[in-house]
Amino acid sequence: MASLAGRIFSEIARAAGNVNPEIVEKKKKDIVKDLRSMEVLFRRYRAPRGHSYKKINVDGIETELFSKKKNPSDKVVLVIHGGAYISRMMFYYRLVNKRYSKAASGGTVIHYEYRCAPEHLYPAALEDTMKIWNWLLSQGYTEDNIITVGDSAGGHLSLNLFMKLHDTGRKQPKAAVLMSPWLDMTASGKSYVENYKNDPIFGIRGKTPSPDEVQKLLMSSGLYMWLGENDRKDPYISPVYAEFDNTYPPIYVTAGGYEMLLSDSETIVEKFKKAGVPAKLTVTPGMFHVFNLYEIFPESQRAIKDACKFIKETFSK
């Protein structure tokens, strides 16, 4: 069972952040405005003592760099934010900068603002990610010294980066941390039905529809606007349909036991293992989508600690 603080936060998420299509329609929400509503909060950020923080422009992409001032390492944690490919980066991503940098032996933490829907559709975000990747290499960083961290759509984009590099014969990053990755745009996993009544972000309490009803409902959601007219089963759109081989780097995946997207994590980890790639999934009972990000209750604190442990141990190999 989730901690009391975790359950309270889950109910706050249910009340304030639920994006189920029925609830969105009932409350007459504008999903773009709703998902972007927190972007204006805490726009200013000051790095803690002993660290530097600056914003730069990389080929038109706003990019943030955070690192130790003295004796920084040559390692990079590339953070790819989530938000259904609609929302831009929120302030709370920066709150973990120091921990990521420490896990990378004082390395650089990088955030960037990829183009989002509805103004920009697939593959705009992937194109921007490739620009950032190429820029990193041009700065002298090496693939073996870069680990990506992505949540939800950011987890999808992180995996897309791996796939694009693989498919073009290029070397991939050292590893990836995927937090509640959104990897199945057909909503076909069993958790989409089994957790429908539990999920405070995407579901409705007490209601268990059929698989067909869930898919029909989700297919009409504005959350999928980033797809445009692309095939939902295209491996780049839904990596659960991709085929992997043993040249891919390790992944560490975390998910909440109550989230509808749980099957996405289970499927991708199973696919990586089948391909002979080291892959681990940690599911935290009673938790919701990307619970890791908030770091104000025991489950989220533990999840961030475990992610940083993975980063530290992987870089040391």
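Glu270 lies in helix H9, residues 262-274; helices here are DSSP runs of H or I with at least four residues, strands are runs of E with at least two, and both are numbered from the N terminus. At 51% relative accessibility, Glu270 counts as exposed, where exposed means over 50% relative accessible area, buried under 20% and partly exposed in between, with a 1.4 Å probe and protein chains only. This is a predicted model, in which local features need pLDDT of at least 70 and side-chain atom pairs count only at pLDDT 80 or more, while totals for chains, interfaces and linings use all residues. Residues are numbered from 1 along each chain as its sequence is written, and side-chain values use heavy atoms, with hydrogens and water left out.

Staying with Glu270, its C-alpha is 9.2 Å from that of Leu281, and eleven residues separate the two in sequence. Helix H9 also holds Ser265. Is Ser265 buried or exposed? Ser265 is buried, because its relative accessible area is 0%. From Ser265 to Lys54 the distance is 34 Å, C-alpha to C-alpha, across 211 residues of sequence.

Another glutamate, Glu213, sits in helix H8, residues 211-219. Glu213 is partly exposed, at 46% relative accessibility.

Next, a pair of helices. H5 and helix H6, residues 153-167, pack with their axes 10 Å apart and at an angle of about 70°. The axes are lines fitted to C-alpha atoms, for helices over the stretch in contact, and angles run from 0 to 180 degrees between N-to-C directions. H5 and H6 are therefore roughly perpendicular to each other; that label covers 65 to 115 degrees, with under 35 roughly parallel, over 145 roughly antiparallel and the rest oblique.

Now the backbone. Most residues other than glycine have a negative phi, and most peptide bonds are trans. Where are the cis bonds to look at? One runs from Ala117 to Pro118, with omega near 5°, and another joins Tyr122 and Pro123, with omega about 10°. Pro118 is in the loop between strand S4 (108-112) and helix H5 (124-138), and Pro123 is in the loop between S4 and H5.

As for phi, Tyr85 is not a glycine, yet its phi is positive, about 60°. Tyr85 is in the loop between strand S3 (76-80) and helix H4 (97-103), and it is buried, with a relative accessible area of 4%. Glu295 also has a positive phi, near 50°, and lies in the loop between strand S8 (279-284) and helix H10 (298-315).

Last, the largest pocket. Its volume is about 930 Å³. A pocket is an open set of points on a 1 Å grid over the protein atoms alone, where a 1.4 Å probe fits, with protein on both sides within 12 Å along at least five of seven lines; lining residues have an atom within 4 Å of a point. Of the 38 lining residues, Gly17, Leu35, Tyr92, Ile201 and Tyr294 are the closest to the centre. Helix H1 (4-17) and helix H3 (31-36) are the elements that give two or more residues to this lining, and H1 gives the most, five.

Methods
Grid points are joined across faces, edges and corners, and a volume is the space filled by probe spheres set on the points.
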